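Welcome! Please take a moment to look over the sequence and the 3D structure below, and then read on for a short tour.

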Amino acid sequence: MELTTAQQTTAFLWSFVLGAAIEIVYFVGSVLREVMSPKRISIFLSDMVFMISVFFANYLYAVAFTEGKVRFYTVFGEMVSFIILYFLMGRTIKCCVGMAFRKIKKMTAAFFYIITKYCQKNLLSDSHRSKKSDFL
């Protein structure tokens with residue numbers, strides 16, 4: 001049995017929503033990568049989890065809207081939505097978030113540097129300073 005025009009139109013429009021949801025998940029993952037500096041294995045694993053989750057989302061979408069068949073127009077709708085959100089909003093917000101986290105990191109490092117210098121200067125007695133300098 002073939003899909004009606006109304007069902008195809010509904011599937012196409014909802015594919016934009018699915019593409020936007022996939023972009024949001026991708027955006028969150030990329031922001032987490034920006035904040036933390038992950039290793040190669042964690043990048044590989046997070047990419048695999050993302051791809052598998054996108055596969056299952058597309059599978060469930062195809063079962064729910066297009067009788068289990070992958071249709072070109074639904075994949076096209078997802079890709080258009082993903083690409084538009086990625087280039088217009090995702091990259092811009094990710095750069096702003098990255099800059100904010102770098103500034104916070106610099107301010108935190110400066111704060112702890114000042115606290116460390118203060119503690120070294122005022123809290124260590126002369127006997128501790130001389131013993132400490134013997135080791136250096």
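Contact here means heavy atoms within 4.5 Å. Helices are DSSP runs of H or I with at least four residues, numbered from the N terminus. This is a predicted model, in which local features need pLDDT of at least 70 and side-chain atom pairs count only at pLDDT 80 or more, while totals for chains, interfaces and linings use all residues. Residues are numbered from 1 along each chain as its sequence is written, and side-chain values use heavy atoms, with hydrogens and water left out.

**Two helices side by side**

Let's begin with helix 1 and helix 2. Residues of helix 1, including Trp 14, Leu 18, Ile 22 and Tyr 26, meet residues of helix 2, among them Phe 50, Val 54, Ala 57 and Tyr 61. Two packed helices are described by the angle between their axes and the distance between the axes. Here helix 1 and helix 2 pack at about 165°, and their axes are 11 Å apart. This makes helix 1 roughly antiparallel to helix 2 (the word applies to angles over 145 degrees). The axes are lines fitted to C-alpha atoms over the stretch in contact, and angles run from 0 to 180 degrees between N-to-C directions.

**Salt bridges**

How many salt bridges are there? The count comes to two, where a salt bridge is a side-chain nitrogen of Lys or Arg within 4 Å of a carboxyl oxygen of Asp or Glu.

| Salt bridge | Closest N to O |
|---|---|
| Asp 47 and Arg 33 | 2.3 Å |

Asp 47 belongs to helix 2 and Arg 33 to helix 1, so their pair ties together parts 14 residues apart in sequence.

Buried means under 20% relative accessible area, exposed over 50%, and partly exposed in between (1.4 Å probe, protein chains only). Glu 2 is exposed because its value is 51%, whereas Arg 71, at 14%, is buried. Asp 47 is partly exposed at 31%.

**A serine in helix 3**

Ser 81 lies in helix 3, which covers residues 72-122. Is Ser 81 buried or exposed? With 9% relative accessibility, Ser 81 counts as buried. Leaving out residues up to four places away in sequence, Ser 81 touches Phe 16, Gly 19 and Ala 20. The Ser 81 side chain also reaches the backbone nitrogen of Ala 20 at 3.1 Å.

Note on methods. A polar contact is a pair of N or O atoms within 3.5 Å; within protein, one must be able to donate a hydrogen and the other to accept it, and residues adjacent in sequence count only if both atoms are side-chain atoms. Angles under 35 degrees count as roughly parallel, over 145 as roughly antiparallel, 65 to 115 as roughly perpendicular and the rest as oblique.
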